[in-house]
Amino acid sequence: KLRASQINGCAYCIHMHATYLRKHGESEMRLYMLDAWRESSLYSARERAALGWTEALTRLAETRAPDEDYERLKARFTESEQVNLTLAIGAINVWNRLQVGFRAAH
């Protein structure tokens, strides 16, 4: 949710999800490095698959959801988890559009 919100420039959702993650024990460094996750060693292979899929679907018009991102997803997630993750990505993208579109303040 946080990565999609970063891509979409949704200050409301970035604030909300970063606050939630910090409250639930996520490290500051992993939050800071999220935008550069491809170059960072702080994320597991499973997290990388989820982040790649998030970026592919959030930027669908540009990426066309590349096969390599889908294959990484399939290698790390069950079919049910793939569906749940994809629905979560779609949902946060809708929320980002609502918050940005209606100028929600964080």
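Q: Which residues in H2 and H7 meet each other?
A: On the H2 side they are Tyr 12, Cys 13 and His 17, and on the H7 side Ile 92, Trp 95, Asn 96 and Gln 99. Contact here means heavy atoms within 4.5 Å. Helices are DSSP runs (H or I, at least four residues), as strands are (E, at least two), and they are numbered from the N terminus.

Q: What kind of model is this, and what conventions apply?
A: This is a predicted model, in which local features need pLDDT of at least 70 and side-chain atom pairs count only at pLDDT 80 or more, while totals for chains, interfaces and linings use all residues. Residues are numbered from 1 along each chain as its sequence is written, and side-chain values use heavy atoms, with hydrogens and water left out.

Q: Why are H2 and H7 called oblique to each other?
A: Their axes are 8 Å apart and the packing angle is about 125°. Axes are lines fitted to C-alpha atoms, for helices over the stretch in contact, and angles run from 0 to 180 degrees between N-to-C directions. Angles under 35 degrees count as roughly parallel, over 145 as roughly antiparallel, 65 to 115 as roughly perpendicular and the rest as oblique. H2 and H7 are therefore oblique.

Q: What makes H4 and H6 oblique to each other?
A: The axes of H4 (residues 45-58) and H6 (residues 67-76) cross at roughly 140° and come within 9 Å. H4 and H6 are therefore classed as oblique. Their crossing is left-handed, a term used if the near helix is turned anticlockwise from the far one by less than a right angle, with right-handed used if clockwise. H4 contributes Ala 45, Arg 46, Ala 49, Gly 52, Trp 53 and Ala 56 to the contact, and H6 contributes Asp 69, Tyr 70, Arg 72, Leu 73 and Arg 76.

Q: How do you know that Cys 10 is in no disulfide?
A: A disulfide is a pair of cysteine sulfur atoms within 2.5 Å. The nearest cysteine sulfur to that of Cys 10 belongs to Cys 13 and is 3.4 Å away, and Cys 10 is in no disulfide. For Cys 13, the nearest is that of Cys 10, and Cys 13 is likewise in no disulfide. The structure holds 0 disulfides.

Q: Are Cys 10 and Cys 13 buried or exposed?
A: Buried means under 20% relative accessible area, exposed over 50%, and partly exposed in between (1.4 Å probe, protein chains only). Cys 10 has 1% relative accessibility and therefore counts as buried. Cys 13, at 2%, is also buried.

Q: Why is His 17 called buried?
A: His 17 has a relative accessible area of 13%, so it is buried. The residue is found in H2 (residues 11-23). Leaving out residues up to four places away in sequence, His 17 touches Lys 1, Leu 2, Ser 5 and Ile 92.

Q: What makes Leu 21 partly exposed, and what is the class of Leu 2?
A: Leu 21, also found in H2, has 28% relative accessibility and so counts as partly exposed. Leu 2, in H1 (residues 2-8), has a relative accessible area of 7% and is therefore buried. Beyond four places in sequence, Leu 2 is in contact with Ile 14, His 17, Ala 18, Leu 21, Leu 31 and Leu 34.

Q: Why is Ser 40 called buried?
A: The relative accessible area of Ser 40 is 7%, so Ser 40 is buried. Ser 40 lies in the loop between H3 (28-33) and H4. Its contacts, not counting residues up to four places away in sequence, are Met 33 and Arg 48.

Q: Why is Arg 64 called exposed, and what is its phi?
A: Arg 64 has a relative accessible area of 63% and is therefore exposed. Its phi is near 60°, a positive value in a residue other than glycine. Most residues other than glycine have a negative phi. Arg 64 is found in the loop between H5 (60-63) and H6. Ala 65 is placed in the loop between H5 and H6, and its phi, near 50°, is positive.
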